[in-house]
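Open the model in your viewer and keep the selection tool at hand. This tour goes stop by stop.

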Amino acid sequence: MIREQLAEALETKLPMTRDEIIKLLEYPPNPDMGDAALPCFTLAKTMKQSPQHIAMELAEELKDSDWIAEAAGPYLNFRLNRRSHASVLLERIQNGSFGKPDIGKGERVIIDMSSPNIAKPFGIGHLRSTMIGNALYRILRETGYETISVNHLGDWGTQFGKMITAWLRWGGESTQNDTPQNANENTSIIKKYLELYVRFHDEAQSKPELEDEAREWFKRLEQGDETAHSLWLGFVEESLKEFRKLYERLGVSFDHYLGESFYNDKMEPVLEQLKEKGLLEESDGAMVVSLEEFGMPPCIMVKSNGTSIYATRDLATALYRRNEMKADTLLYVVGGEQALHFKQVFHVLGKMGFEWSSECKHIPFGLMRMEGQKMSTRRGKVLFLEDVLNEAVDRARALIQSKSPGLANADAVAEAIGVGAVVFGDLKNTRTLDVDFSLQEVLNFDGETGPYLQYTYARTASIVKKAASSFMNKEAGAPKHGSADNEIVADFSLMENNFAWNLAVTVGKYEEALVQAASRYEPSVLARYLLDLAQSFNRFYHHIKVLSGTEEEQAAKIKLVRAVGQTLGRGLNLLGLQTPEEI
Ligand code: ARG
């Protein structure tokens with residue numbers, strides 16, 4: 001915001017475009033040095049004058065403007081007129097014209113996200129994909145992209161041969177873990193599936209013929225065998241029911257569920273194309289595309305027994321998304337361990353002559369380690385996301401009870417905070433880094449956490465509400481009995497105070513954070529910004545009494561607090577967190 005405004009003022013005075021000026025402008029590390037600075041070194045070359053001289057001349061030229069410009073050696077330091085800047089900014093926020101920069105210009109982005117495997121538990125990797133994907137979906141939409149989310153379910157592949165084999169052999173048996181406590185609704189079908197899957201692998205060690213049987217079943221499935229198909233459908237539908245429950249809790253929905261099986265009849269034409277283009281080679285009985293020139297292992301397209309693999313389906317998927325769904329950009333929010341797979345698929349597309357392969361982007365993320373034993377011993381070795389969420393919500397409920405006993409809607413608030421804690425605990429990290437996740441840490445109301453932000457948001461809401469009932473209308477800024485005609489003219493002299501001023505400046509940086517988060521596909525930029533904003537707000541709140549002073553002064557403070565609340569609320573929603581008004 002500051003940089004944009006300043007660039008506008010400088011544009012006519014410099015041989016540069018507005019964007020170039022914006023890039024050049026810096027924010028001084030210490031606000032005492034000013035609100036922005038222009039280093040004049042690069043200008044010296046084009047203007048053929050010393051940077052010191054340029055800084056001095058510009059300061060002179062800006063003498064009568066809104067800006068207070070001071071030359072400091074080769075730098076030009078700017079100070080804003082705090083009162084007028086704050087009032088303009090808060091006005092823009094309140095009328096909604098702030099914070100929706102259109103960088104996407106309607107470009108269509110398909111986001112492949114979540115994409116868990118059917119008949120296997122929803123793992124932490126899938127949680128990260130879901131949350132990062134969901135945040136990117138919202139952030140990109142907010143910045144002018146047309147976003148389409150697709151859940152590329154892992155509903156095809158050799159594991160279904162194994163599942164069918166296991167189901168036919170042992171499906172009807174009650175499994176060892178069937179105890180009275182979990183034989184009721186707590187026993188999810190996915191847990192049963194997992195047990196079958198594990199048993200298959202255990203038994204296959206001594207009976208390798210099981211593997212052959214499984215391969216055979218998958219082959220039959222790919223060929224449309226009815227028994228295979230109806231068993232498969234059962235696995236898919238039951239698993240989906242469970243996944244949907246989780247998505248609902250996480251507040252995530254998808255524009256499309258198009259799993260790998262959807263591409264079953266779309267692989268043949270792609271293989272044809274590969275053949276026509278002379279890209280398919282035989283290797284040990286399999287058909288592959290060589291990627292030797294990229295120093296990569298070949299990409300297998302058809303296995304020696306004639307079945308397709310993950311990469312075959314991804315190739316068909318990319319073509320479908322581009323040609324049928326008309327995607328401009330294809331994002332794949334998938335763990336970093338699949339980097340080679342995506343590089344291979346994208347290179348194959350490139351070799352097929354599709355220039356748009358450069359618009360296919362793997363958005364990788366790191367591993368997440370859950371705090372170890374405590375969470376994972378609850379039900380065996382595998383960690384179930386549902387258990388993590390339940391535990392987080394239980395702990396949130398206990399915290400709320402001690403902090404605000406008697407809170408209305410305590411259960412709903414606990415759900416919002418518990419789930420929010422898990423989600424934010426993920427999103428605040430640079431996505432490519434590995435995360436050590438600790439429930440205690442992500443739930444700390446005083447830490448860099450979702451609950452801290454939600455709590456700060458609720459604090460802003462309660463101040464605005466209190467102000468409304470003490471002397472103002474709901475519309476802060478208007479007196480109780482008045483109409484819009486005699487709205488109180490807010491007195492922004494408070495902005496001379498550093499706490500208030502820093503807060504207003506931080507609010508004004510929202511747009512930049514959003515744009516960066518969008519262009520780097522990095523929700524953590526927005527998450528970190530929100531933490532800065534909340535910290536700045538809490539410093540302000542501890543030093544400045546909002547509901548004191550003249551009505552005009554209070555009106556200005558309320559406008560500021562409300563802008564903070566709006567910004568925090570929008571940001572949190574973009575990251576997929578709920579914002580209860582009262583905690
Ligand atoms: N189901 C896969 C897995 O769990 C992730 C799928 C990601 N998307 C894709 N188009 N390959 O590993």
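**Before you start.** This is a predicted model: local features need pLDDT of at least 70, side-chain atom pairs count only at pLDDT 80 or more, and totals for chains, interfaces and linings use all residues. Residues are numbered from 1 along each chain as its sequence is written.

Stop 1: Select residues 2-80. UniProt, in an unreviewed entry, lists them as "domain: Arginyl tRNA synthetase N-terminal". UniProt positions are in the numbering used here, feature names are shortened, and annotations may be inferred rather than shown by experiment. Over residues 2-80 the chain is 44% helix and 18% strand. The end C-alpha atoms are 9 Å apart. Helices (H or I, at least four residues) and strands (E, at least two) are DSSP runs, numbered from the N terminus.

**Stop 2: Lys48.** Find the loop between α3 (41-47) and α4 (51-61); Lys48 is there. Its phi is positive, near 55 degrees, and Lys48 is not a glycine. Most residues other than glycine have a negative phi. Lys48 counts as exposed because it has 8 C-beta neighbours inside 10 Å. The cut-offs: 20 or more other C-beta atoms within 10 Å is buried, 12 or fewer is exposed, in between is partly exposed, with C-beta atoms placed from the backbone.

**Stop 3: Ser114.** Go to the loop between β4 (108-112) and α6 (124-142). Is Ser114 buried or exposed? Ser114 has 29 C-beta neighbours inside 10 Å, so it counts as buried. Its phi is positive too, about 75 degrees.

**Stop 4: the ligand.** Select Asp112, Ser115, Asn117, His152, Gly154, Asp314, Thr317, Tyr332 and Val334, the residues around the ligand (C-beta atom, placed from the backbone, within 6 Å of it).
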